[in-house]
Amino acid sequence: MNIALILQMAAEAEADRIALVCDGRRWSHGTLLRAAEGAARVIRGSGATHVALLDESSEAATIALFGAALAGIPYVPLNYRLADPDLAALLGRIAPAFIIGDSDRVARLSPDPGHNVHPRADFVALAEAAADGPALDETEETIAVQLFTSGTTAAPKAALLRHANLLSYILGTIEFASAPEDEATLVSVPPYHIAGIAALLSSIYAMRRILLLPAFDPDAWLALVAAERATNAFVVPTMLSRIVAAIDAGNTADISSLRAIAYGGGRMPLELIDRALDLFPNTGFANAYGLTETSSTVALLGPDEHRAAHRSDDPEVRARLGSVGRPLPTIELEIRDEAGQKLAQGERGEIYVRGDQVSGEYKERSALDAEGWFPTRDAGWLDAEGYLFLAGRADDVIVRGGENISPGEIEDVLLTHAAIADAAAVAVASAEWGEAVGIAVACRPDHDRPGEAELCALIKDRLRSSRVPERVVFVDALPYNEMGKLLRREVRKLFQD
Amino acid sequence: MKPGTKLKSVVCDTEVMVIRAGEGVIACGGAPMAEERPAERGAIDPAFAEGTRIGKRYVDAAATVELLCVKPGQGSLSLDGVALQTKDAKPLPASD
């Protein structure tokens, strides 16, 4: 199996149809496939063990992804936002690599010879120049993509996605060529994120034209929707928040073409999705929950479920707006306790998933258990109808005197306070309990800051006394990474004194 | 035969990828499919000449075999002489 099949089938069926629009240049399935074949010849000739991308999204990322697949060499898109020492370490772990993108930075950080480095335009020119050449032998390589996890809690791990995992996800969730000719999807997630890779694969298989926005900016996003009549988009919650703010600030771009917005990658504040549902009354929203190690989406809250929850007076139905929906039909999902025992509906524990798209594999070891289940390290619970609610990372659990406390339950209560814009609960050292609850709170600028006693009373009333924070700090804003993930290790530092 | 194997029709342009492998003889246009196409193409059996469509998945009634058509042709697919049917996937909302 090889993910290049996706582009080969699209080119076989409709070679001249536009697959990708970037910086005004339009690429058909046929021209992309020819460039990918050329790239594969160049890459095979380089002797590299990895094909890395150190660049923003562009046609080069698509050509590199499929070119690496055809060449049979794992594709490793790197996070160009990493600090120099972190990036240098990753460059060392993939040597010798064929690297596309920021050649100056590679030369500075990883001068060790062996890397084969090409700036974006040079790579595309090389690939196109080699488009006519000898037929490429099929490869036996089974690893398609190697992604370094974002490492919000520890050093980045090298997650391996095999061709079979990614193809299984695409074939199991998408009907080939199912997108009408007018559909176009705006992709603004970075190429080193699993959502960025899944967007390329699924859009090309569905034949939904891809509109790349390499550097996200809310006004540029709105302008591109209007100019290309985008019908679909994928955003992380932070992006949606900034788009809503731009519209509120007076941006009047014509966004009437937008039929569907999918989001994921971080916690979506209830208030924001409620506001977006009002602001885009004719747009279908989908919340996708997935991980790098699961080849993207494993659970989905669909458009009808969003609208039903948004309109409902039933608290249980309404609460589903804060869920990540139900597992895909191709995925098995269980909640388990620390001993690995399956928990009943309603009980919080660690989320385990199983399915052909689930890799659960790192370069160093596989995290799958003997029956093929992957422990996600995400905590969550299922409601009576099987909707999945996330409750932070399993590692984020606060253990106070032997009692497990999920940060999410405390944060949810704090966010009901009118003056609180954002809140995080973390473990703080406690002489009495080992760990206790510390909360970091960001207040709305137009409200008075609530007193510590008031917040403690709120939590005590709504939860119980063990949840009451021992430490409270007020901050202007909580620390997030660029994908909208809360950096809890940074929050914990607020309490180190 | 295992998942991922590509089979070619010996009587038309059809190519399929095996998604689920089972027992029995997979044929296209009435002739058993092969991993390599012979130099000379045989004739299509008129009983199996409805054609294949790219991107469609083909299954037998018991769902023991599933094939994805990756190149279309004039023949149609069968397992042990019984025509395969297309499988309609329940579409999910676009999520990425």
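Let us begin with helix α14 of chain A, which spans residues 407-414 and is mostly covered. Please keep in mind that this is a predicted model. How many of the eight residues of this helix are buried? Seven of them are. These buried residues are P407(A), G408(A), E409(A), I410(A), E411(A), V413(A) and L414(A).

What do the buried residues of α14(A) pack against? Four strands of chain A take part, namely β20 (398-400), β21 (403-405), β22 (420-430) and β23 (434-443). Two helices of chain A join them: α15 (452-462) and α16 (488-493).

I turn now to the interface of chain A with chain B. Here 32 residues of chain A are in contact with 21 residues of chain B. Between them, the two chains bury about 1,900 Å², and 64% of that area lies on carbon and sulfur atoms.

Two salt bridges are counted between chain A and chain B. In a salt bridge, the side chain of K6(B) meets that of E138(A), at 3.8 Å from N to O.

Which elements supply the side of chain A that touches chain B? At least two residues each come from the helices α1 (4-13), α7 (163-173) and α8 (194-206). The strands β11 (232-235), β13 (284-291) and β14 (296-301) likewise supply at least two residues each.

Definitions and conventions
Residues numbered from 1 in each chain as written. Chains lettered and ligands numbered in written order. Predicted model: local features only at pLDDT ≥ 70, side-chain atom pairs only at ≥ 80, totals over all residues. Heavy atoms only, no water. Buried < 20%, exposed > 50% of the residue type's maximum accessible area, 1.4 Å probe, protein only. Contact = heavy atoms within 4.5 Å. Buried area = accessible area lost by both parts, 1.4 Å probe. Salt bridge = Lys/Arg side-chain N within 4 Å of Asp/Glu carboxyl O.
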